[in-house]
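Hi there,

Here is the structure I promised to pass on. Have a look at it first, and my notes follow below.

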Amino acid sequence: MYRARTVLTNLVPLASLIPRAAPDRFASWILKSDHILCSITGTDIRHYSSSVATEPFLNGSSSAYVEEMYNAWLADPKSVHVSWDSFFRNSTAGAAPGQAYQAPPSLAEPGRNQLPITSLAPLLGAAGAPALGGQVNEKVIDDHLAVQAIIRSYQARGHLVSELDPLGIMYADLHSTFSDREGKPHEIVVRKYMLEEGDMDRVFKLPSTTFIGGKEKALSLREILSRLENAYCRHIGVEFMFINSLEQCNWIRQKLETPGVMEISSEEKRLILARLTRATGFEAFLARKWSSEKRFGLEGCEILIPAMKAVIDKSTELGVESIVMGMPHRGRLNVLANVCRKPLEQIFTQFAALEAADDGSGDVKYHLGTYIERLNRVTNKNIRLAVVANPSHLEAVDPIVQGKTRAEQFYRGDGEGKKVMSLLLHGDAAFCGQGIVYETFHLSDLPDYTTHGTIHIVVNNQIGFTTDPRHSRSSPYCTDVARVVNAPIFHVNSDDPEAVMHVCKIAAEWRATFHKDVVIDIVSYRRNGHNEIDEPMFTQPLMYRKIKTTPHVLDKYSKRLIEEGVVTTEEVKDVRDKYEKICEESYLNARKETHIKYKDWLDSPWSGFFEGKDPLKVSPTGVKEDTLVHIGKRMSSPPPNAAEFVIHKGIERILRSRMEMVESRTVDWALGEGMAFGSLLKEGIHVRLSGQDVERGTFSHRHHVLHHQLVDKATYRPLCHLYPDQGPYTVCNSSLSEFGVLGFELGYSMTNPNALVCWEAQFGDFNNTAQCIIDQFISSGQAKWVRQSGLVMLNPHGLEGMGPEHSSARLERFLQMSSDDPDYFPPESEEFAVRQLHDINWIVANCSTPANYFHILRRQIALPFRKPLILMTPKSLLRHPEAKSSFDEMTENTQFLRVIPDQGPASQNPSSVKKLLFCTGKVYYDLRKAREERKLEGDIAISRVEQISPFPYDLIKKECAKYSNASLAWAQEEAKNQGSWTYVQPRFHTALSGSRDVSYVGRPTAASPATGSKMQHLKELNALLDDALSL
């Protein structure tokens, strides 16, 4: 049916003849017909064994009549109707079954499904039917269909033979170059559709799926092939035919095929030349001044700089005001200098071994980020550019850029991504080798994670360090991962600057039009080794022999423009000399600098956040009881239109029990969390909770989104309806990704300090899939890049007999990365606690009460600075009858308790206490229950360390002094080589100045976090309790 529709649409001027046969209704129109009398015949694809069955009018009852007509015709052909005469003549001449009957010509107006054969006359050419009343030669139709197939072949497969490699070795074994083919199509592209040489000058009508004709509706085959080769097989190769949107495919075809579409003015050519000169000049200057320094230069792909600037120019012209960029180290300094226009002095001082003027350990120059607001001279509009700092872990920065971009869009109210966009740069080996690329692509269209289209630029060196593409990927292209989200992919030869600019403009327009991802693959080479002091000839001798004889793209393009008369040799030299002079002046100024400033390289400045604040003053975290009651009641109530909104019976029961708790002035874990969120929302703070299944909660405790049981997509979010002028609340289930989503939320948290951004692991055990984000960004981000983040990581943790993958959030790893000194007891003062928080890299806590959880979440916003918070969160405690808190622990004048001392009989008579146990988290409830059962409340005191890092030296010292006669022990449910023990042991020693010993109580060392046997688990737990409570 598709082919029939195509034939009809493209071969016949139908609209004027058959008003009811519009292409979109063609199928129903053709099927409604009870008889098809038409001047065009086609071969039926069904094959019958009986020749009679093929003639529709022959059947048993008509055979006698037909025989009679046949005998009459044999006697005298003129004695029968002309149609019978024609039929019997064709039959006796050996016509195939079904081909003998021929409709008579008619002078009547064509009826439905009919058209006069004369309408085809202009297209028949020499191969037309001998008489207009006769049948159309099938070859005409087949040839037109073949031409359509050829056009489609070029659109789908032209990229396979395009000249993309500036070295000319990329596809040496695959095809001849365009110039050798002299416009003849390649069999890889057209496959079996090619016509004869004699058809080259025949004129064919162009289908509606191509724009090569411009205003012309028909072209000769020779011209069709020539134009298709120019569009798809020169220096641009495009993959887009897998996109299942006709509108999007046609949009791309139009941008590539329209005649003259790549012609640009002399002014634009001069701009490309100037930008290319700066990019090349910058690398040459660094190479001269610091020849033995690693800088991961851009030599071989200098065109990246004009390319990025073209994307930025076009995007700002289309309304973008802020661009967030992520990139690897190659070319980073050049991007900072020539795209962001960072002062060259600041870049050059990074090469001098100067001391830092501010805190932090810093990072190598090719990892640093920056933030710049400047005027775009081409569009005369202001633009903000941020390059996000990144580690050497290639592609790890991708989700961070997306999170930061999404946050900027959110706070600007840019719901369609028209004002803020992300631009990601990649290397070829990393783009196809790193799984985080795939995870990031899969966030691109999710409602709560989309950035409404990202422009990806791949600097394709055709090599990864020393590894050949043949050994670094299984796919034909390094960009094939982008096909999963139907992103068009533009491969372009880096040595054709005008082709590169063309695809960059298309990419920017695509993103502005469709708000979807797009990939530009700049096929280039790396003139040096992996870094400037690396020898590439060891492993790629042939490639590097070719590179040595390949002139720079600047030289090639300058020569071309001089030949075209666009510039003179003097002008080319003048542009080079001017930039050289700028670099020299900046170099001299840089030599006068005595210090480097890390804050010059901050990628996410928070204007106005730190100004006028006491850096050691924490706002109160307790709230009025009225606020708690109001939030509690809203969280316990069905939607206002409850009569129409049908909620699940189980949810009704949960809401009722919540209401009972509010009335009795107590909270459980879920209610305590909801009140922390709600009270921040009341203050206008944005709260965002993201992760796998967070809307309901892994353990079915949260229920922040209620679902109508009878209507799809009808939901109610109680925390979004607390106050008329509250802050926004976002709760969103993420894709099944930790690396990508945790990175995204970290990027989100960097954007606005007045937001509580939380990521929750489904189980804490799964956070190690995101270990790269934890190690490279969260724990060390501030030290390396003076960048703060208040991100909260919620990690369900606790040994409850659920096996090795559902027990441990690896608390020991977070503690091992804490930067406080185990041998240093800070001076005791009023600000002891907040000063500790200020000086550490992150906060690690394991709360045992809903009230403390409430306070620590609110404290994240109450602090005058921002630190990541790593929380071990409970599982069984979510419903534990004793793990509840009174409103009295949450109202005004209450605060987060770093240590919760024993409040039982032991605390009344401390001198008679024989043992003081310290513990953290859920194990407290196991110890307390066992102590009760053994009637040891007066002999053993149990203190809970709620904030493990920074370590509460002052409170530990005080607690130990209180129980001066007791033996001291640390009890934990984790194995001895896991959990908190190795972290707290030296710190207890420091807190007590080595005066008292602290013994270990818990499981022995183990390779696995927990046993998979329930019986073994209970046995281990009982041994732990016996050991802890022995006197």
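Predicted model: local features only at pLDDT ≥ 70, side-chain atom pairs only at ≥ 80, totals over all residues.

**What I found**

With a relative accessibility of 23%, His-235 counts as partly exposed. Its contacts, leaving out residues up to four places away in sequence, are Glu-163, Leu-164, His-491, Val-492, Asn-493, Asp-496 and Ala-499. His-235 and Asp-495 are 260 residues apart along the chain, yet 8.7 Å separates their C-alpha atoms.

In general, nonpolar side chains of soluble globular proteins tend to be buried together. The largest core here has 166 residues, and the members that touch the most others are Leu-304, Ile-347, Phe-348, Ile-455, Ile-457, Ile-520 and Ile-522. Helix H19 (residues 497-514) is the biggest contributor to this core, giving ten residues. Apart from this core lies another one, of 50 residues, which includes Val-705, Phe-763, Phe-854 and Leu-871.

Not counting residues up to four places away in sequence, Ile-520 touches Val-311, Ile-455, His-456, Ile-457, Val-458, Phe-490, Val-492, Val-503, Cys-504 and Ala-507.

Gln-402 is a polar residue to look at, and you will find it in helix H15 (residues 398-412). Is Gln-402 buried or exposed? Its relative accessibility is 5%, so Gln-402 counts as buried. Beyond its neighbours within four places in sequence, Gln-402 is in contact with Ser-422, Leu-424, Thr-440, Thr-451, Thr-454 and Phe-744.

Next, a pair of helices. H23 (residues 625-635) and H24 (residues 649-663) pack with their axes 8 Å apart, at an angle of about 165 degrees. An angle over 145 degrees counts as roughly antiparallel, and H23 and H24 are therefore roughly antiparallel to each other. The crossing of H23 past H24 is left-handed. On the H23 side, the contact is made by Val-629, Gly-632, Lys-633 and Met-635, while H24 brings Leu-655, Arg-658, Met-659 and Val-662. Five of these contact residues are nonpolar, one is polar and two are charged.

Further along is helix H33 (residues 923-933), whose buried residues are Val-923, Tyr-924, Tyr-925, Leu-927, Ala-930 and Arg-931. What do the buried residues of H33 pack against? Their partners are strands E24 (915-919), E25 (940-945) and E27 (967-975), together with helix H36 (1014-1028). Just after H33, Lys-935 has a positive phi of about 55 degrees.

That brings me to the backbone. Most residues other than glycine have a negative phi, and most peptide bonds are trans.

- His-703 has a positive phi, near 55 degrees. This residue is in the loop between strand E14 (686-691) and strand E15 (706-707), and at 8% relative accessibility it counts as buried.
- Val-786 also has a positive phi, of about 40 degrees. Val-786 is in the loop between helix H28 (781-785) and strand E19 (792-796), and its relative accessible area of 21% makes it partly exposed.
- Ser-949 and Pro-950 are joined by a cis peptide bond, with omega at about 0 degrees. Pro-950 is in the loop between strand E26 (947-949) and helix H34 (953-962).

Happy browsing, and do write back with any questions!

Best wishes

Conventions
Residues numbered from 1 in each chain as written. Heavy atoms only, no water. Buried < 20%, exposed > 50% of the residue type's maximum accessible area, 1.4 Å probe, protein only. Helix = DSSP H or I, 4+ residues; strand = E, 2+ residues; numbered from the N terminus. Contact = heavy atoms within 4.5 Å. Axes fitted to C-alpha atoms, helices over the stretch in contact; angles between N-to-C directions. Parallel < 35°, antiparallel > 145°, perpendicular 65-115°, else oblique. Left-handed = near helix turned anticlockwise from the far one by under 90°. Core = buried A, V, L, I, M, F, W, Y, C linked by side-chain atoms within 4.5 Å.
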